[in-house]
Structure formats: structure tokens, C-alpha cells
Amino acid sequence: MKKLMIIMLFLLLINISGCGFKDIDKRFLVVAIGVDKGEVKKYNVTLKLIIPTALVSPGQSKYQLIHYEGDSISEAIEYLRSEIDKQLDLGHAKITIIGEALAQDQISNHFDWFIRRRGIQRIEYVALGQPSAKDILSLSQQSERLAGNSLILSFGHEGTESSFIVTEYLYDFYERLLEKGKDPFMPVIRVRGDTYEINKAALFDKEQVKLMLDPNDTRMFKALLMKKSNFEVRVKEDPLEYTLSVQHLRYHFKIVTPSNGDPYLQLDMKVKGIAEESDTIQFHESWNEIERAAEQSLERSIKQLLEKMSAQQLDPLGFGLRYMATRHDGEKEWEDWQSIYPKLQFRVNVKVTLEGTGEIN
Amino acid sequence: MITIGELSRTVKKAMDSSDFKTARLQHKHEELLVYYYESLCDLKVLRERISAPLVKRSEEQTFTEVLQSELGCEEVHDVSEVVEKLLRGCIVIYVKDHVFVLQALKVLTDQVREATVEASIEGPHYCLTENLHMNLNLIRQRYPSKDLTAKEKVLGRISNTKLILLYHEGLVQAEVLAHIEQQLSRIDVDLIQSHGQLEALMTKKKYRLFPLMLNTERPDRIALNLAQGKVVILLDGIPSALIAPAVFYDFISAVDDTTQSFFVSHSIVLLRYMALLITITLPALYIAIVSYNPEIFRVQLAVSIAGSRASVPYPSFVEVFIMMFIIETLIEASIRLPKYIGQAATTVGGLILGQAAQQAGLVSSIMIIVTSMVAIVNFVIPINAMSYAMRVVKYPFILLSMFFGITGIIVALFCFSMYLANMESFGQPYFKLFVGEKSATGYKHKETS
């Protein structure tokens with residue numbers, strides 16, 4: 001009798017499940033979250049939901065866009081929950097797009113929800129959508145086998161490794177919002193025809209967008225930020241004109257504050273590369289000239305970028321953090337740095353080694 | 001001195017059996033009575049060693065003297081021993097108030113055959129037989145050491161099964177041997193017929209999941225274990241041996257491990273441990289990931305799983321139970337079925353049922369992969385007893401993952417290793433690591449000082 005009871009209890013037990021139990025097909029996977037400035041209320045939240053299909057094939061991606069306005073992101077999501085028949089699962093949200101209008105003020109307030117909300121993985125990407133996040137999410141590329149896949153592939157380094165695309169993660173963005181001496185940035189996504197155009201970066205101070213880098217500056221910025229090679233530089237120094245394909249890049253910098261004289265930042269960079277696309281340079285010519293041209297060209301563009309940023313008091317490369325880390329003045333360091341940065345001079349020294357001219361002789 | 005009256009009274013009961021024979025042999029003045037079981041004895045022995053000498057015997061020699069000089073023939077002074085000898089395949093000879101027994105057992109089970117359960121590619125191919133003496137012969141050939149000691153015991157009130165304890169005197173740990181002998185002496189049953197039964201009788205714990213003794217059919221494995229100081233138990237009529245004490249590692253190792261080069265054999269052992277982990281956790285992981293934490297997958301995979309599960313109306317654990325039931329019954333059925341029908345069963349079960357179940361929307365296609373993975377990976381475990389045990393272990397995992405998701409699996413893994421670590425095999429730790437262990441083959445572990 002006792003044994004029978006145990007068996008009966010066991011049979012009852014295997015018919016129930018735990019409380020977090022929700023099958024994957026009863027969940028709506030959110031792949032991207034877009035947040036825009038609302039027309040009436042504060043936010044307009046757009047979610048891109050994947051509609052799962054048994055067979056996944058290119059160009060067949062199915063998705064559903066839902067959006068709602070609310071005074072807070074969580075309120076909008078709460079309303080969206082009532083519009084769909086399955087549980088919203090934010091765990092797979094891979095990218096958050098902030099509308100340009102929203103990025104103009106109080107960015108740190110908007111990010112609070114993303115950090116606090118459970119279920120959102122902090123390794124998701126953040127980006128700025130031009131003109132609005134909703135426009136970006138509405139586009140589905142032809143090659144996509146999964147809604148939102150092309151955005152994920154663009155930012156993760158699995159698919160394209162474009163030198164124009166800077167990647168920013170949610171956790172890093174949030175860290176930069178809080179960190180003194182290291183400012184946040186975001187890649188900018190625009191829609192051109194039926195594809196995305198991602199070749200700009202938006203630099204923030206702690207509150208709003210201050211500077212939009214053009215594609216050329218973005219490329220240099222990415223090289224400096226990620227120390228990533230594999231990009232091309234157009235070298236244009238009379239009489240030489242060629243493209244240098246950078247294979248290897250290393251740099252280090254230090255901030256020097258001499259007691260007599262102006263503070264300056266010394267940046268030494270070593271570049272190895274191959275000359276590409278040129279009619280003027282030949283294998284048996286002296287390579288010194290060619291290298292020199294590239295050095296000058298690189299130095300100029302780096303200096304330009306750094307000066308642009310310092311003019312706006314923007315510091316996404318973390319110079320301020322480095323300054324404070326190498327001084328011992330407590331709270332005063334930060335005040336010092338704020339006065340030093342606008343007048344900081346940049347001394348850039350690039351050493352280019354040409355590994356080949358790209359010709360086959 | 002045993003009189004004819006005493007003897008015939010003793011064997012009276014046996015007379016009822018139709019295969020019990022009595023014969024009266026007479027030549028000149030000699031007359032002898034012969035008793036034997038026709039089914040047990042080899043009549044050739046009777047003919048060559050009794051009838052022939054009786055006729056050829058010279059005048060001055062009595063037949064008693066002839067028998068005394070026979071090998072394997074002895075005189076019995078106590079009449080009560082006679083029946084037992086008869087049942088062991090002896091011929092009982094009564095001559096002039098003397099009783100002799102002659103060993104004449106007909107042995108049909110000493111054919112050496114190839115190993116089937118623990119087949120090996122490069123190692124020796126022959127395995128133990130169902131005959132105790134033949135087995136001892138095979139082992140002694142592989143282990144010609146004067147220290148190899150065999151102790152015979154008899155178990156079972158009816159079966160009187162012969163059992164041999166084998167060990168290397170000097171290498172064996174005395175307390176282990178004493179422990180085993182003590183457990184053996186405690187056994188009190190009518191019939192003993194298998195190693196599993198013997199193992200169960202020797203262990204005190206009633207509710208036990210894992211095998212505590214290694215069951216092997218390979219003489220080379222036995223030799224290796226003897227050299228490691230283990231005790232080997234041979235049972236008459238069973239083509240395998242029990243090795244004690246055993247540790248968890250023994251059940252995951254195959255004899256082939258020593259035939260390969262270092263990296264090959266070590267990576268194969270590693271592969272087996274991974275297989276072990278997969279076979280016990282995979283169904284549970286399926287439930288936990290599909291129903292609790294789908295964010296563990298890449299989004300691309302999550303979507304295709306969601307798509308394939310879309311037609312399944314039941315929660316994931318019902319799906320798992322359905323498929324596990326199918327695969328377990330399939331394995332169970334194919335073991336018992338004759339070879340000819342066995343193939344049909346696997347085709348019907350594996351191909352048709354699996355395909356159809358998915359198309360009918362009963363299970364998802366990912367679940368089909370999980371099911372077959374679990375089944376295949378389970379067969380990687382070399383020792384059968386352990387592979388059976390692991391088939392059972394996965395169910396507690398499934399149950400816990402149903403209620404608590406990934407956390408449940410981690411708790412289950414924790415409890416599983418605790419349980420293993422708590423186990424002992426004849427006083428020796430079961431879940432033990434081999435660091436600095438003496439190596440008999442000079443292969444797996446170097447001796448560290």
C-alpha cells in the first residue's frame with residue numbers, strides 16, 4: 001500500500017513542472033529593441049519579434065514589429081505584452097537602437113532600464129539609428145535568413161569585418177557613461193535603399209551626442225580604439241598616390257606634463273602594410289619615400305581626429321583615465337585633467353614598414 | 001569396510017532417476033558393482049579404465065590393487081560421501097567391501113570462444129568459458145606466477161556451485177581479501193547462478209545503483225587486475241569473472257587502452273568521460289534550455305528549435321519522456337530478440353518511428369537528435385553494467401531539470417558526484433583518482449616516489 005502511494009505520488013509529480021517553465025515555442029523572441037522619442041509620450045518603443053519557422057532559408061525571414069508609446073520603457077513594454085499571444089523573451093535581444101532624437105538629451109536616463117531589467121543580456125550591441133530606430137528595424141535585408149540577423153552579423157565579428165563599423169556593447173556603453181575620463185560612443189546606422197549603411201560613429205559626452213565622425217575619421221577612430229588592423233589608408237603626398245593596406249598596427253601613448261611648457265600627448269605608432277592600388281610606385285624604387293609618404297598621411301589624419309575630439313572635450317579613447325591612473329593627486333586629478341585636455345597638444349609619430357608593393361614581378 | 005547393504009541403502013533414492021545406472025561386471029572370480037549417472041559421466045572412461053583392466057588383469061594381482069594404482073581414483077571410507085561424488089560425475093565402484101570413486105565427468109562447456117561483450121581490436125580475442133577449470137587454465141597461462149593462489153569454495157545449498165577466489169599472494173591487500181571472504185561465508189541461498197546475484201548477495205546495501213565489482217570476460221583484463229592486487233572471483237558455469245575491489249575508473253576503461261599510443265589512448269579515455277557526461281545530462285539540458293533558458297543558444301539556433309517545436313502541443317518534458325520511452329524499449333527489445341527479427345525491430349523503431357513521430361508533430365526534430373545522441377553515446381561506456389546504470393541515472397536529472405531548469409541540473413550533478421564519492425567497494429574508495437599509483441603495465445601511470 002505504501003509502495004503504491006509512492007508510485008502514485010511520483011506519477012502525479014511528473015505531470016507538473018517548475019514555475020519558470022515556459023516552452024521556447026510559447027515565447028516570442030525579441031531580437032532587437034528600438035527606442036525613439038515619442039510623439040505624445042516620452043518614449044516610443046519598437047520591438048522586432050522573430051516568427052519562427054521550421055525551415056530557415058535566406059530571404060525568408062519572418063518578423064513582426066510592434067510598437068507602443070509610454071512614459072517609461074517598462075510601461076511601453078507592459079502594454080506591448082498585451083498585444084501578443086506569447087511571452088516576450090528579451091533574453092535574445094541582440095541589439096538596442098536608440099533614435100537620434102532621443103540621443104540628444106539625457107542619454108544616461110534612458111539606459112537605466114536596460115541595465116536593471118533582468119533577462120536583458122549586457123553583451124547586446126547598442127547603436128544610434130538615423131533618422132529613427134523604427135526605420136532601422138523596419139528594414140529586413142534580402143539576404144537575411146533570420147530577422148535582424150544582418151545587424152547581428154555586422155556588429156559581431158563573425159560576419160563582415162568592415163573597418164568602418166565600430167562595435168559597442170551595452171555593458172561597455174554603460175561603463176563609459178559612469179567612468180570619468182572615458183566617454184561613450186555609438187555606431188550610427190542609416191538606411192540606404194534596402195541595405196544598412198553603417199560607417200559613422202557618434203561620440204557622446206556623458207549626456208548627449210556631441211560629434212558625428214565622418215567615415216574616414218570613423219575608420220581612424222576604430223583603428224585607435226580597437227587596435228585593429230586590416231583597413232586601408234589613402235596616401236596622397238606629391239608625387240605619390242597609393243593605398244596602404246594596413247596588416248599590423250601597434251601604438252602606445254603617454255601624457256607628458258612638463259613643469260615648464262605646455263602638456264602634450266606623445267603617440268607612437270608602428271604600422272606594417274602593403275601598398276595597394278597604385279600606378280606610381282614600383283618594386284625596385286626606394287621604399288623609404290613610399291613609407292615616408294604613408295607616415296605623413298597617417299600622422300595628419302590621426303592628429304586631425306584627436307584635435308577634433310579635444311575641441312569638443314570628448315575623450316572616447318580614455319586619455320583622461322590614463323592621466324588619472326598615472327598621477328597621484330586624488331580628486332584633484334580630474335579637475336587638472338579638465339583644464340589640461342582643451343589645450344593638450346598632440347605629437348603623433350608613425351613608423352610605417354612596407355612589407356611589399358603588392359606587385360607580382 | 002563398507003558392506004553392499006550400506007551402499008545400496010545410500011544410493012536407493014537415486015535409483016528412481018532414469019539416468020542412474022547400476023552395472024555388474026564379472027570376470028573370472030572378480031565381481032564388481034558400478035554405479036553412475038549416465039548423463040554426467042563419460043562412458044569411455046568406464047570402458048577404458050575399468051572394463052579393460054578387469055579383463056587384462058594378470059592372475060596374481062587383485063582388482064583392488066589395480067584401482068589403487070589408477071590416477072583420479074580414490075577409496076572412500078565414509079558411505080555418506082558417495083552420493084555427492086556421484087552427483088559430481090564420479091563412477092562409484094564396489095569391489096570386495098571396498099568402495100572406490102573414479103572421476104569421469106563429461107565436460108562439454110570448455111570450448112574457448114571469441115569475446116563478444118568486450119570485443120577488442122588489437123588485444124587477444126578469446127574469452128573465458130563456462131568451465132571453471134578451463135578458465136583457471138586460461139588465467140594461469142597468462143599469469144604464470146607461483147604466488148597466484150586459488151581457493152575453492154562451494155556456494156548454494158542446492159546448486160553447490162563451485163567458486164574460486166584468485167589472488168596474487170603478496171600483492172593483494174589482506175583486509176580486502178578478508179572482507180571478501182567474510183562476505184562470501186555469509187551467503188546463504190539455495191541457488192547461485194550469476195555474478196550479478198553474487199554481487200548483490202555480497203554487498204550489504206539493498207538499494208544500489210552502480211556496480212561495485214567489475215564483471216569481465218577477458219583473461220588479459222583479469223591478469224592485469226591480479227597484478228594490481230585485486231581479487232578475482234570465478235564461478236562455475238559462468239563465462240566471466242568478478243573483480244573486486246573496483247573503482248569508477250575501471251568501468252570507463254577498456255583493455256584496448258594499453259594497445260594505443262599515449263595521446264590516442266588518453267584522448268579516447270577523455271572521449272568516454274565526455275560521452276558519460278552527455279548521456280546523463282543531455283535530455284535534462286534539452287528541457288532546461290528549451291523551457292527555462294533559451295538564451296543559452298545562439299539566436300539562430302533558438303529560432304530553428306522554436307520553429308521545429310511549433311507543432312508540438314505538449315511541454316518539452318512530455319516530449320522527452322515519449323522519446324526516452326521509445327528508445328529504452330527499443331534497446332531492451334533488441335537485446336532479447338533473435339538476430340533475424342532484431343534488425344526488423346531496429347528499422348521499424350529507429351527509422352520509421354523517429355521520422356513519423358517528428359512529422360506527426362509529436363516530438364521536435366531536435367529531440368530526435370537528442371534521443372539518438374543519448375543512445376549512441378551510452379554505448380561508448382565499455383562495461384555493460386555501468387552503461388546500464390548510466391541509463392537510469394539520467395532520469396533524476398530529467399526530473400530535476402523539469403522543476404528547476406539549469407539549476408536543477410547543477411544540483412543533480414552535485415548530488416551525483418557526492419553519491420559516487422560516498423561509495424566504497426570492499427572498504428576501498430570507489431570514486432578515486434589515480435595519482436602516484438603503482439602501475440602494473442608501466443603504461444598508464446608512472447610510479448612517483
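Are Arg27(A) and Asp89(A) buried or exposed? Both residues are buried, where buried means under 20% relative accessible area, exposed means over 50%, and partly exposed lies in between (1.4 Å probe, protein chains only). The legends below start from this pair.

This is a predicted model, in which local features need pLDDT of at least 70, side-chain atom pairs count only at pLDDT 80 or more, and totals for chains, interfaces and linings use all residues. Residues are numbered from 1 along each chain as its sequence is written, chains are lettered from A and ligands numbered from 1 in the order in which they are written, and side-chain values use heavy atoms, with hydrogens and water left out.

**View 1. A salt bridge between Arg27(A) and Asp89(A).** The side chains of this pair meet at 3.1 Å, N to O. A salt bridge is a side-chain nitrogen of Lys or Arg within 4 Å of a carboxyl oxygen of Asp or Glu. Arg27(A) belongs to strand S1 (residues 27-37) of chain A and Asp89(A) to strand S4 (residues 87-89) of chain A, so the pair links distant parts of the chain, 62 residues apart. Helices (H or I, at least four residues) and strands (E, at least two) are DSSP runs, numbered from the N terminus. Side chains of opposite charge can pair when their charged atoms come close.

View 2. Arg81(A) pairs with Glu78(A), and their closest N and O atoms are 4.0 Å apart. Arg81(A) counts as partly exposed because its relative accessible area is 29%.

**View 3. The surroundings of Asn44(A).** Asn44(A) is part of strand S2 (residues 43-50) of chain A. Asn44(A) counts as buried because its relative accessibility is 12%. What does Asn44(A) touch, not counting residues up to four places away in sequence? The residues are Gly34(A), Val35(A), Asp36(A), Lys37(A), Gly38(A), His67(A), Tyr68(A) and Glu69(A), with contact meaning heavy atoms within 4.5 Å.

**View 4. The two domains of chain A.** The assignment gives domain 1 (24-213) and domain 2 (215-361), and domain bounds come from an automatic or database domain assignment. The C-alpha centres of these two domains of chain A lie 32 Å apart. In the contact, 23 residues of domain 1 meet 26 residues of domain 2. Together the two domains bury about 2100 Å², 68% of it on carbon and sulfur atoms. Buried area is the accessible area (1.4 Å probe) that two parts lose on being put together, summed over both. The rule finds one salt bridge across this interface. It also finds eight residue pairs in polar contact (both at pLDDT 80 or more). A polar contact is a pair of N or O atoms within 3.5 Å; within protein, one must be able to donate a hydrogen and the other to accept it, and residues adjacent in sequence count only if both atoms are side-chain atoms. On the domain 1 side, strand S8 (195-204) and strand S9 (209-213) of chain A are the elements that give two or more residues. S8(A) supplies the largest share of that side, five residues.

**View 5. The interface of chain B and chain A.** Chain B contributes 28 residues to the contact and chain A contributes 33. The two chains bury about 2400 Å² between them, 67% of it on carbon and sulfur atoms. Val299(B), Gln300(B) and Val303(B) supply 23% of the area that chain B buries against chain A, more than any other three residues. There are 10 residue pairs in polar contact between the chains (both at pLDDT 80 or more). H11(B) gives the most to the side of chain B that touches chain A, with 10 residues.

**View 6. Salt bridges where chain B meets chain A.** How many salt bridges does the rule find across the interface of chain B and chain A? The count is two. Arg309(B) and Asp25(A) meet through their side chains in a salt bridge (2.9 Å, N to O). A network of salt bridges links Asp23(A), Asp25(A), Lys26(A), Arg309(B) and Glu319(B).

**View 7. A salt bridge in chain B between Asp250(B) and Lys230(B).** The closest N and O atoms of the pair are 3.2 Å apart. Asp250(B) sits in helix H9 (residues 248-252) of chain B, and Lys230(B) in the loop between helix H8 (219-227) and strand S9 (231-235) of chain B, 20 residues apart. Asp250(B) and Lys230(B) are both buried.
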